[in-house]
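Have a look at the model first, then read on.

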Amino acid sequence: MINSARGTSLKTTIERITPVLRGWRNYYRLDTRKKYWSEMDERIRHHLRKLIWIAWKRPKTRERNLIKLGLDPETAWKSSVNGRGAWWNSGQAHMNLAIKNRRFARLGLFYDDLLMKRPLRNRTVGAVRGGRGNPTLYSIICSFFESHF
């Protein structure tokens, strides 16, 4: 789902992952640990920035697009030719400054922060006896990416 960077627009990728994210959040709706859901949001945005970096392909294209998105020319040039991989670049300040979270929100990315600000309805909180409990955030993300790559 998130693996294909070339040939798929960012909007299409976001449209494909948003129902999955909503489904996860609805399935684990009783889990009120905001830290885990905000970490998952950060991880998803990191992947989306990685896809953007890969889609730009060449250093000149990366430099031009970073300048268009508001970075100064020197920083854009240094960032585009740094020789680091897409994952490293997608987590750095130059990508976070150029591609802000509100851009993903405009494209329709589901944000769990909106749900966490709403109060929970009357529901029983806690695990069901004999259940395995809530999986960790890491296991949720790993299972998602393993099943879609």
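Where α2 meets α3, the residues involved are Trp53, Ile54 and Trp56 on the α2 side and Thr61, Arg62, Asn65 and Leu66 on the α3 side. Sorted by class, that contact of α2 with α3 comes out as four nonpolar, two polar and one charged. The two helices pack at an angle of about 125°, with their axes 8 Å apart, and α2 and α3 are therefore oblique to each other. Bear in mind that this is a predicted model, so a word on confidence follows further down.

The loop between α2 and α3 is where you'll find Lys57. What is phi of Lys57 near? The value is near 60°, which is positive in a residue other than glycine. Most residues other than glycine have a negative phi.

Now for Arg62, which sits in helix α3. Is Arg62 buried or exposed? Its relative accessibility is 14%, so Arg62 counts as buried. Leaving aside residues up to four places away in sequence, Arg62 touches Trp53, Ile54, Trp56, Lys57 and Ser80. Ser79 is 17 residues from Arg62 in sequence, and the C-alpha to C-alpha distance between Arg62 and Ser79 is 8.3 Å.

Arg62 also takes part in the contact of α3 with α4, where Pro59, Arg62, Glu63, Leu66 and Ile67 of α3 meet Pro73, Ala76, Trp77, Ser79 and Ser80 of α4. By class, the residues of this contact split into six nonpolar, two polar and two charged. The crossing of α3 and α4 is right-handed.

The α1 side of the contact is made by Leu10, Thr13, Ile14, Ile17, Leu21, Trp24 and Arg25, and the α2 side by Trp37, Met40, Ile44, Leu48, Leu51 and Ile52. The classes here are eleven nonpolar, one polar and one charged. The crossing of α1 and α2 is right-handed.

| Helix pair | Angle | Distance between axes |
|---|---|---|
| α2 and α3 | about 125° | 8 Å |
| α3 and α4 (residues 73-80) | roughly 145° | within 8 Å |

Now the chain as a whole. Nine helices and zero strands make up its elements. Of the 149 residues in the chain, 36% are buried. Among contacts with a separation of 6 or more, 73% are between residues 24 or more positions apart.

How far does confidence go? The chain has a mean pLDDT of 78, with 70% of its residues at 70 or more. Confidence is highest in helix α3 (residues 59-68), at a mean of 95, and lowest in helix α8 (residues 112-117), at 51. Over residues 118-131, pLDDT stays under 50, and the model has six contacts beyond four places in sequence for that stretch.

Methods: Residues numbered from 1 in each chain as written. Predicted model: local features only at pLDDT ≥ 70, side-chain atom pairs only at ≥ 80, totals over all residues. Heavy atoms only, no water. pLDDT = per-residue confidence, 0-100. Helix = DSSP H or I, 4+ residues; strand = E, 2+ residues; numbered from the N terminus. Contact = heavy atoms within 4.5 Å. Left-handed = near helix turned anticlockwise from the far one by under 90°. Nonpolar A, V, L, I, M, F, W, Y, C, P; charged D, E, K, R; others polar. Axes fitted to C-alpha atoms, helices over the stretch in contact; angles between N-to-C directions. Parallel < 35°, antiparallel > 145°, perpendicular 65-115°, else oblique. Buried < 20%, exposed > 50% of the residue type's maximum accessible area, 1.4 Å probe, protein only.
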